[in-house]
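Trainee: Could you walk me through this model? I would like to start with its contacts.

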Amino acid sequence: MQYRIQENCKNIDWLAVYRVLQEAGMASHTLEETQKAFENSYRVVFVFDKDLLMGVGRAISDGSYEAGIFDVAVLPDYRGKKIGKLIMAELHKGLPNINVILYAKPEAQSFYKKIGYSKMLTGMAKFAREDRMREKGYTD
Ligand SMILES: CC(C)(COP(=O)(O)OP(=O)(O)OC[C@H]1O[C@@H](n2cnc3c(N)ncnc32)[C@H](O)[C@@H]1OP(=O)(O)O)[C@@H](O)C(=O)NCCC(=O)NCCS
């Protein structure tokens, strides 16, 4: 099936983005915060089936050697159709020779491993709120 990919925030329905994240259990910020995060990102990817937004992802970067990928999610009915892989490939296209880090829920780790990601032994994080630390599963 042919899907439409958009790589900018023009005319994006932020409620639709929020819904995709919500369906993935990842809507832990307000709609306004979500919009700001995507608008301030280095790269964004939105995937549509006709007019339906069903996949999203974004990367922040210094544009030189470091980047982070966040908010990668696909609507449940569209999972398992390589759309997650497509989102990651589109994000990576704009990050040549750049290291990428990301948070991966335990259930998503195999997905990331399949596209070349490895677990880090050196990662540390400082979260803005305790509940954000818990929701990401980092309890060490
Ligand atoms: C994780 C997610 C983005 C993957 O998207 P998707 O479109 O379903 O994945 P794809 O169809 O592109 O899968 C690509 C490959 O990863 C595998 N894969 C996908 N999700 C997987 C999972 N949860 N566990 C194990 N393997 C998985 C697929 O089998 C496929 O393998 P193949 O290339 O050998 O056939 C999607 O399932 C999702 O939105 N999940 C909920 C939100 C989430 O966990 N996001 C990640 C943030 S931590």
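Mentor: Gladly! Two residues are in contact if their C-beta atoms, placed from the backbone, lie within 7 Å. This is a predicted model, so local features need pLDDT of at least 70, side-chain atom pairs count only at pLDDT 80 or more, and totals for chains, interfaces and linings use all residues. Residues are numbered from 1 along each chain as its sequence is written.

Trainee: What share of the contacts in the chain with a separation of 6 or more comes from residues 24 or more positions apart?

Mentor: Take the contacts in the chain with a separation of 6 or more. Among these, residues 24 or more positions apart account for 58%.

Trainee: Which residue is the bridge partner of isoleucine 60 in β4?

Mentor: Helices (H or I, at least four residues) and strands (E, at least two) are DSSP runs, numbered from the N terminus. Strands pair if DSSP finds at least two bridges between them, and β3 (residues 52-61) runs antiparallel to β4, with six bridges joining them. Four residues lie between β3 and β4 in their hairpin. In β4, isoleucine 60 has as its bridge partner glycine 68.

Trainee: In which sense do β4 and β5 pair, and what is the hand of the crossover?

Mentor: Four bridges link β4 with β5 (residues 99-102) in the parallel sense. From β4 the chain passes through α3 to β5. A crossover is right-handed if, with the strands pointing away from the viewer, the path from the first strand over the helix to the second runs clockwise. This β-α-β crossover is right-handed.
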